[in-house]
Amino acid sequence: MSLNTNRWNRMRYTLYTPIYDLLVGKIFTASRRKSVELLNIQPDEKVLLVGAGTGLDFQFLPKNAQIWAGDITPSMVTKMEYRAKALKLNAMLNVMDGQNLQFPDATFDKVILHLIVAVIPDPVKCLQETERVLKPGGEAVIFDKFRPKDQQLSKFRAFFNKFTSSLFSDITRVIENLLARTSLVIQQDIPANFNGNFRIIKVRKNN
Ligand SMILES: C[S@@+](CC[C@H](N)C(=O)[O-])C[C@H]1O[C@@H](n2cnc3c(N)ncnc32)[C@H](O)[C@@H]1O
C-alpha cells in the first residue's frame, strides 16, 4: 500500500517547506531555465504552473506573461507569494489540486509541470487535466525523473519505491506510458540531471 495521497503530500511538504529551497534550489537551476526556454513564452500568453512549490521557476518567466500557479500545500503557496511579489510578477496564486484543475477547457497557452508528475498521486489525471486546460496548439514542459520505457521494473525498484514514493517521489513511472493516456504529443525529450535520469519533455496539444 502506498502513502502517496494528497493528504500525506500536504503534510510532508508542509514540513519540507522551510528547507525546500536549500535542498533543491541550486541543483536544478540550469534545467529549469532550459525547460522554460523551450516553451518560448510570448507577451500576454497565459501560463499555468502546477505543483509550483516555492516558485523556484518564477525567475525564468517573462514579466509580461499572465501567470497562474498553485500547489496542494498552503505553506508552499505562501512562500511562492513572497517570491512572486519580490520579482514583481503578474501572478495569480492559489492552493490547487493538479488532478482537478478549477479552470475552463482551453484556458492556457503554456503549462509548466516541474517535479510534479513523479510526485502527484494520479499522474495520468494530472496530464489529462493539463491537456484539457491547454488551448489547441498549446504546449507543456515536464521536468522530472522517469524510468526508461525499455527498462524492466525490477523487484528491488518496486520495493524501494514504497519508501521513495512516500518520502520523495515515485521512481517507477514511465512518461511515455502516462502520456499514452492523453492525446499530448512529445515534441522534445532532453536528458537532464543525474545522467539523464531526469528529463525535460516538451509536449503539444494538437487540437
Ligand atoms: C518536488 S515538489 C516540486 C515543486 C516545484 N514544482 C519545483 O519545481 O520546485 C512537489 C510539489 O508538488 C506539490 N503537490 C503534491 N501533490 C499535489 C497535487 N495533487 N496538486 C498540486 N500540487 C501537489 C507538493 O506540495 C510540492 O510542492
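Strand S4, residues 108-114, is mostly covered, with 7 of its 7 residues buried; buried means under 20% relative accessible area, exposed over 50%, and partly exposed in between (1.4 Å probe, protein chains only). Strands (E, at least two residues) and helices (H or I, at least four) are DSSP runs, numbered from the N terminus. The model is predicted: local features need pLDDT of at least 70, side-chain atom pairs count only at pLDDT 80 or more, and totals for chains, interfaces and linings use all residues. Residues are numbered from 1 along each chain as its sequence is written, and side-chain values use heavy atoms, with hydrogens and water left out.

Strand S1 (residues 46-50) pairs with S4 in the parallel sense over 3 bridges, where pairing requires that DSSP finds at least two bridges between two strands. Val47 has Lys110 as its bridge partner in S4. S4 also pairs in the parallel sense with strand S5 (residues 134-145), over 6 bridges, and there the bridge partner of Lys110 is Glu139. From S4 the chain passes through helix H4 (residues 123-133) to S5 in a right-handed β-α-β crossover; right-handed means that, with the strands pointing away from the viewer, the path from the first strand over the helix to the second runs clockwise.

## Aromatic pairs

The structure holds 10 aromatic pairs. Rings of Phe, Tyr and Trp (its six-membered ring) pair if their centres lie within 6.5 Å; planes under 30 degrees apart count as stacked, over 60 as edge-to-face and the rest as tilted. Tyr13 and Tyr16 form an edge-to-face pair, because their ring centres are 5.1 Å apart and their planes stand at 80°. Both lie in helix H1 (residues 6-24), 3 residues apart, and are thus separated by about one helical turn.

Phe156 and Phe160 form a stacked pair, at 5.6 Å centre to centre with 10° between the planes. Phe156 is exposed at 61% relative accessibility, whereas Phe160 is partly exposed at 40%.

## Salt bridges

The whole structure contains 11 salt bridges, each a side-chain nitrogen of Lys or Arg within 4 Å of a carboxyl oxygen of Asp or Glu. Arg199 and Glu176 meet in one of them, at 2.9 Å from N to O. This pair links distant parts of the chain, strand S7 (residues 198-204) and helix H6 (residues 175-179), 23 residues apart.

Arg199 is buried, at 10% relative accessibility. Asp189 also forms a salt bridge with Arg199, at 2.8 Å between the closest N and O atoms.
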